[in-house]
Amino acid sequence: MIALSDYLAVSGGLFAVGVYGLVTKRNAMRLVFSVEVLVNAANINFIAFNRFLWPAALGQTVVLFSIALAAAEAAVILAIVVVAYRIHDDVDVSQLKNLKG
Amino acid sequence: MVDITDAVFIAAAVVTVGGAIAALEAREIIYGAVGLAGSFFGVASLFFLLDAPFVAVFQITVYIGAVAVLILFTVMLVREEGWFKDSPKALAQAAGVVTAVALALSLVLSFTGSALANAPLQASAPSFVGIGQILTGQFGPILEVLALVLAASVLGAMALAKVEREGSP
């Protein structure tokens, strides 16, 4: 029998991996990977809470929206990374200082 | 005794977290993208275990079919040295590992310690019909806005990535 806490533990581990990537990586593509991992960790929580605590399919619907938004976001981020690479010849985010205040 | 559901759960959990770690730590970013696709697949199998087959198939279609392929395509299209180097400082690396372990420990301990940890399953799993009713009823306006957001983001991505050539109309 798999309890709610098991799913939440997997989600917490995945979230920690995503935060690790955001903290340490400087390559823009790795940052995109980290963000996708974080979104997936949150989605697991939605589905698990929906299955254990709520009879209607509200959480599943929210996850459908979340997946669609993550896809749109990935397309835009990838386009921005390509443009930044074209301008700077680099995808190291610590070198991209045009927007620095 | 481990029954088949538990075995599938453990395998899915290992694939999910291991794929995410491989995505961030693989030397070549291409292999990282493949690891990320593996992680998405593990999450989809967790959704299957949670009786959400519709969301699981949606996850496979959109994440593995679109996002992972888009990332792979972008990485291979712009196949340049600059994309592959990634050399975090040792101090930042250590700080990241400590942060991640502390975060994972605190999250897992608070989840397992909470009163929700042993909540019983709902009597019946949410059905497709329920998703459709919520999507077209209560969430109808949001669905429309989401369609606009998707269109705008795809148009924006295309406009950004377009190569401006001298003399082109």
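This is a predicted model: local features need pLDDT of at least 70, side-chain atom pairs count only at pLDDT 80 or more; totals for chains, interfaces and linings use all residues.
User: What makes A:K25 and B:E25 a salt bridge?

Analyst: The closest N and O atoms of A:K25 and B:E25 are 3.2 Å apart. A salt bridge requires a side-chain nitrogen of Lys or Arg within 4 Å of a carboxyl oxygen of Asp or Glu, so the pair qualifies.

User: Which class of accessibility applies to A:R51, and which to B:D51?

Analyst: A:R51 has 8% relative accessibility, and because the limit for buried is under 20%, A:R51 counts as buried. B:D51 has a relative accessible area of 32%; that value lies between 20% and 50%, so B:D51 is partly exposed.

User: How many salt bridges are found over all chains, and how many between chain B and chain A?

Analyst: A search of the whole structure gives two salt bridges over all chains. The count between chain B and chain A is two.

User: What shows how much of each chain takes part in the interface?

Analyst: In chain B, 86 residues are in contact with 72 residues of chain A. The two chains bury about 7,000 Å² between them, and 76% of that area is on carbon and sulfur atoms. There are also twelve residue pairs in polar contact between chain B and chain A, both residues being at pLDDT 80 or more.

User: Which helix of chain B supplies the largest share of the side that touches chain A, and what kinds of residue make up that side?

Analyst: α4(B) provides the largest share, twelve residues. The side of chain B that touches chain A divides into 59 nonpolar, 18 polar and nine charged residues.

User: What makes the largest nonpolar core a feature of both chains?

Analyst: Among the 66 residues of this core, those touching the most other members are A:Y7, A:F33, B:L46, B:F47, B:V55 and B:I71. At least two core residues come from each of α1, α2 and α3 of chain A and from each of α1, α2, α3, α4 and α5 of chain B. The largest share, eleven residues, comes from α3(A).

User: Which residues does B:I71 contact, leaving aside its neighbours within four places in sequence?

Analyst: B:I71 is in contact with A:M29, A:V32, A:F33 and A:L78 of chain A, and with B:A33 and B:L36 of chain B.

User: How many helices and strands does chain B have, and what percentage of its residues count as buried?

Analyst: Chain B has six helices and zero strands. Of its 169 residues, 34% count as buried.

Notes. Residues are numbered from 1 along each chain as its sequence is written. Chains are lettered from A and ligands numbered from 1 in the order in which they are written. Side-chain values use heavy atoms; hydrogens and water are left out. Contact means heavy atoms within 4.5 Å. Buried area is the accessible area (1.4 Å probe) that two parts lose on being put together, summed over both. A polar contact is a pair of N or O atoms within 3.5 Å; within protein, one must be able to donate a hydrogen and the other to accept it, and residues adjacent in sequence count only if both atoms are side-chain atoms. Helices (H or I, at least four residues) and strands (E, at least two) are DSSP runs, numbered from the N terminus. Ala, Val, Leu, Ile, Met, Phe, Trp, Tyr, Cys and Pro count as nonpolar, Asp, Glu, Lys and Arg as charged, and the others, Gly among them, as polar. A nonpolar core is a set of buried Ala, Val, Leu, Ile, Met, Phe, Trp, Tyr and Cys residues joined through side-chain atoms within 4.5 Å. Buried means under 20% relative accessible area, exposed over 50%, partly exposed in between (1.4 Å probe, protein chains only).
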